[in-house]
Amino acid sequence: MNDQIIGIDPGLEGGIAILNNGQIRFEPIPRDKIDKKEVDCIKLYSLFKEAFDSSSKTAVFIEYQHAFPGQGTISTARIVSEYKTIYTAAKIASGLSQNIAGIFPVSPITWQRHIYDAAEIKDRTAGKLRSINAFKRLISEQIPQIGKKKLRPHLGLIEAGLIAKYGEIIIKT
């Protein structure tokens, strides 16, 4: 039985990466059709259930969300609420499966220390470019993109892929 790792970057433009047998599949965080700022819990649950029902032992690594200094109360409430919604959907779906290794919240600084190389860690100004470069180095030259008229990198999917890669490193050690 192979291990399957799910990496999740919560957020408005967050993403889910499912790493299995060296193949990676990406899904944006499903959004409610009426209120695009809300997570579609039913689609999210279905996505988790499908992943957990595979023949692979599944571990979920979700980037932990918390308040940041200077962040507004509404923004803080939204991001923490979304994190809890995603975590709860994974927890409920996992309760119905025998193939779950665990759901592991991971702080951004923890997964980034394992993923970024020394130069990327030092270069705090790189921002999104740092994640894009790490993704190209560790996963694929083909980065996930979004946009109808003008394509741009989808940072949520990129970072979900990096979180899944972190999970793979942790499970192998």
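Of the 173 residues of the protein chain in this predicted model, 42% count as buried. The chain comprises six helices and seven strands. Its radius of gyration is 16 Å, in agreement with the value near 16 Å that a compact globule of 173 residues would have.

**Overall fold and dimensions**

- Read from the N terminus, the elements follow the order β-β-β-α-β-α-β-α-α-α-β-β-α.
- Along the principal axes, the C-alpha atoms occupy a box of roughly 45 × 40 × 35 Å.

**Strand β4 and residue V60**

- V60 is part of strand β4, which covers residues 57-63.
- V60 counts as buried because its relative accessible area is 0%, whereas the cut-off for a buried residue is under 20%.
- Beyond its neighbours within four places in sequence, V60 makes contact with I6, I8, F52, I100, G102, I103 and F104.
- V60 and G7 are separated by 53 residues in sequence, yet their C-alpha atoms are 6.1 Å apart in space.

**Helix α2**

- Helix α2 consists of 22 residues, 73-94, and spans 31 Å from its first C-alpha to its last, close to the 32 Å expected at 1.5 Å a residue.
- The buried residues in α2 are T76, E82, Y83, I86, A89, A90, A93 and S94.
- An α-helix has 3.6 residues a turn, so residues three or four places apart point the same way.
- The cover over the buried residues of α2 includes strand β1 (3-9), helix α1 (41-52), strand β4 and strand β5 (100-106).
- Strand β4, named here as part of that cover, is also the strand that holds V60.

**Helix α6**

- Helix α6 runs through residues 155-172, a total of 18 residues.
- From its first C-alpha to its last, α6 reaches 26 Å, close to the 26 Å expected at 1.5 Å a residue.
- Most of α6 is covered, with 13 of its 18 residues buried.

Conventions
Residues numbered from 1 in each chain as written. Predicted model: local features only at pLDDT ≥ 70, side-chain atom pairs only at ≥ 80, totals over all residues. Heavy atoms only, no water. Helix = DSSP H or I, 4+ residues; strand = E, 2+ residues; numbered from the N terminus. Rg over C-alpha atoms; globule rule 2.2 N^0.38 Å. Buried < 20%, exposed > 50% of the residue type's maximum accessible area, 1.4 Å probe, protein only. Expected span 1.5 Å × (residues − 1). Contact = heavy atoms within 4.5 Å.
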